[in-house]
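User: I would like a close look at one part of this predicted model, and then a connected account of the other local features that deserve attention.

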Amino acid sequence: MKNKRIELDVDFIGSQPSKLTKEEERMISEYIRSHKAKMRLKTTKDRVNV
Amino acid sequence: MKKLVNQGIDIEIDELTNSIKNVISGDSFSTDITRITKADLKAVTKKNDWQFDWKLELKYPERDVFKLTIVNNQTIIQGLISLEVKSDHVFMNLVESAPFNKGKTKIYSGVPGNLVAFACKLSFQRGHEGNIAFISKTQLIDHYVETLGAVHFGGRLMIIDTNAALKLINRYFTNII
């Protein structure tokens, strides 16, 4: 089934000066770590179910 | 890239890939993304209606600035992106379409999408599994969720994770995968 996708329609992204706080950097790393763990778990489950 | 198909990623392409489209004629033009030089930025000034100070981005040694151009027309910049490769992701500092590609009177569509997809590709190339982080304005969070598959996870932070990155790369760079 073909769904219509909406094109990214912005003139710019971000702002200057663009500096992350230490807390924001920690949050990003935490999210990525947790996301990778979820992906690994899902892959393992998928392999077990095959 | 057969592996992606085997993982069951369901994508749909609504534009010609790795290209931008003239909004009036509907013609598509293949694009290149290359690292920018100081000389490229001569005309990229606030006076010429660019929003950001791109010369300032070049002063940060940890950041890489790239330009999107039409193939065989390297002198006309269609858009710019500033990226920083971090320890576990690529941070997208800035993206900007050229002044003539902004607003309702833009000449080409697809510029920001191409640039973001390029950032995702770079993230894979650097071993960060496509993960991209960026800061969003509050009123644009929903738009990024819908168009980029980005996740908002607090404050002004957004992430494009592996699956969303694969979809964007497939959408914009299918002809090279």
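In which loop of chain A is the place of A:Pro17?

Analyst: In this predicted model, A:Pro17 is found in the loop of chain A that runs between strand E1 (12-13) and helix H1 (22-49).

Over all chains the structure holds six aromatic pairs, and one of them is that of A:Tyr31 with B:Phe153, a stacked pair with 4.8 Å centre to centre and 25 degrees between the planes. Both A:Tyr31 and B:Phe153 are buried. An edge-to-face pair is formed by B:Phe52 and B:Trp54, at 6.2 Å centre to centre and with 70 degrees between the planes; B:Phe52 and B:Trp54 are likewise buried, and together with A:Phe12 they form one aromatic cluster.

Rings in chain B also meet charged groups: the charged end of B:Arg63 sits over the ring of B:Tyr60, 3.9 Å from its centre, while that of B:Lys121 sits over the ring of B:Phe173, 5.2 Å from its centre.

As for the backbone of chain B, B:Asn72 has a positive phi, near 70 degrees, although this residue is not a glycine, and its place is in the loop between strand E3 (63-70) and strand E4 (79-85). B:Asn72 counts as exposed because its relative accessibility is 78%.

Definitions and conventions: Residues numbered from 1 in each chain as written. Chains lettered and ligands numbered in written order. Predicted model: local features only at pLDDT ≥ 70, side-chain atom pairs only at ≥ 80, totals over all residues. Heavy atoms only, no water. Helix = DSSP H or I, 4+ residues; strand = E, 2+ residues; numbered from the N terminus. Buried < 20%, exposed > 50% of the residue type's maximum accessible area, 1.4 Å probe, protein only. Phe/Tyr/Trp six-rings, centres within 6.5 Å; stacked < 30°, edge-to-face > 60°. Lys NZ or Arg CZ within 6 Å of the ring centre and 35° of its normal.
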